[in-house]
Amino acid sequence: MTAMKPLPRNAAGIEKAIGILGQSFGDRLQTGVAIREQHGHTTSWLENQPPDAVAFPRTAAEVAEIVRICAEHRAPVIPFGTGTSLEGHVNAPLGGISLDLGGLNSILAVHAEDLDCVVQPGVTREALNTHLRDQGLFFPIDPGADASLGGMAATRASGTNAVRYGTMRDNVLALEAVMPDGTVIRTGQRARKSSAGLDLTRLLIGSEGMLGIITELTLKLHGIPEAISSATCSFPSVAAACDAVIATIQMGVPVARIELLDALQVRAVNAYSKLDLPETPLLLLEFHGSEAGVAEQAETFGEIATDDGGSGFVWTTKPEDRTRLWRARHDAYWAALGLRPGAKGIATDVCVPISRLAECVTQAQDKIAEMGLIAPIVGHVGDGNFHTLLLIDMSNTEEIAQAERFVGWLNDLAISMEGTCTGEHGIGQGKARYLAREMGPATEVMARIKAALDPCGIMNPQKAWEAFLD
């Protein structure tokens, strides 16, 4: 890989940029240690690499001004949403300016008749759905955390609803973005399809802040379903549960969510959320549609589950019961930490074709046992994506090394099954080496695009395809 060489830290340029920005932004440019470390936060084993300063713009014009100044002095710019990313996306390995977009948090327009809306990047998914509820609309992408929509687009997030509604890639119609030289562009209009030019919207979605900074999003919306039902079903093994998922998808059942919890995760959820689920592998499902439709979907799944050894199948349309179940699923991370108090949870994910799902999850469980790790598994298994949460004593260097070996092994396993090293966490710093294994020469093409758009290398440097270049 020779498309772009890593740049050294530009201390003089960073200092000049901070001086100029300080005059323009006053107390909206912060250099205190605590706030810098917060903006270099990473929920992984990666070292915290704080920026030199944190800027708090309020408008897209201010974002453009900051980027122009940083470009002039070759100071790195690292976009920051809510800090919920998992692979070191917001770290600042070369220092620079963290651009906190939380102040751009307005819902600019809702076009109910067209089922779309226009929002700023700091709006969170929960805030948007609260705003939409009275209009009978919702935005379906649900990665679990109350992430910002700009950050969700930048990392191509998905989550529990992806099996029916797709990912951020499928639900963003257009973007406004500030490019590395400070130019502001729009990548499209509100039309549902277009053949005009290159698809810059999709280029920026998933680019992890390395090609531009998103300052506005036009999103697809959906009507709140007439009826929603949730269901649980226990299985004798993870393989049996996965076989039921595969059969459900292949039969065309329009399930909205289908989540797997292995036995260890169910045990953790029971303790944390005060549930009494059987402590065997569990599928948690949700169906959307008419009252008759969701009943039919649930009954069809029940028949499939029985054929694969499922038991205790129960479904409900009561909102309070559904909320309790899904709250427990979203609290799975915190529940898992209770399995080993004092340990840090290191999350990783992969995604494989659903026909390989049972094999991949089973091999992962066997490897966890072989290596003596504690690592419950959960997954958005309707699209072949699952997560492991490694519970690690961060003072134990051998445990950390074991965890790194497992993550590497799992990434390679998924790639060998024609899958991906990350279904939704993104690449950041943590998975850079595996991107090259997965994408091959295409990774160099990505690096060339980066070099063409950002010749000074200021946009979230040393991440993803750029992190391992010679």
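Two strands pair if DSSP finds at least two bridges between them. By this criterion, strand β13 (residues 255-261) and β17 are joined by 2 bridges and run antiparallel. Within this pairing, Leu260 has Gly379 of β17 as its bridge partner. The model examined here is predicted.

Strand β17 covers residues 377-380. The strands β17 and β18 form a hairpin with 4 residues between them. In this hairpin, Gly384 takes a positive phi near 80°.

Strand β18 (residues 385-392) also pairs with β16, through 8 bridges and in antiparallel fashion. Val350 stands opposite Phe386 of β18. Strand β16 spans residues 344-351. Of its 8 residues, 7 are buried, so the strand is largely enclosed by the rest of the structure. Lys344 lies in this strand. With a relative accessibility of 30%, Lys344 counts as partly exposed, because buried means under 20% and exposed means over 50%. Lys344 and Gly122 are 222 residues apart along the chain, and their C-alpha atoms are separated by 28 Å.

A separate group of strands was also examined. An open sheet is formed by 4 strands in the order β1-β2-β4-β3, with mixed pairing. Strands β1 (29-30) and β3 (77-80) stand at the edges. Each has a single partner strand, so one side of each is left without a neighbour in the sheet. Strand β3 is joined to β4 (residues 97-100) by 4 bridges, and the two run parallel. Pro79 stands opposite Leu99 in β4. In general, strands of a sheet pair through backbone hydrogen bonds, either parallel or antiparallel.

Two helices were considered next. Helix α14 comprises residues 357-371 and contains Ala358. Ala358 is buried, because its relative accessible area of 12% falls under the 20% cut-off. Ala358 and Ile97 are 261 residues apart in sequence. In space, their C-alpha atoms are 44 Å apart. Helix α11 (residues 291-307) holds Glu303. Glu303 is exposed, with a relative accessible area of 54%.

Lys274 has a positive phi of about 60° although it is not a glycine. Lys274 is found in the loop between α10 (263-273) and β14 (282-289). Its relative accessible area is 62%, so Lys274 is exposed. For Asn460, which is likewise not a glycine, phi is positive and near 45°. Asn460 is found in the segment after α17 (442-453). At 2% relative accessibility, Asn460 counts as buried. Thus Lys274 is exposed, whereas Asn460 is buried.

Conventions: Residues numbered from 1 in each chain as written. Predicted model: local features only at pLDDT ≥ 70, side-chain atom pairs only at ≥ 80, totals over all residues. Heavy atoms only, no water. Buried < 20%, exposed > 50% of the residue type's maximum accessible area, 1.4 Å probe, protein only.
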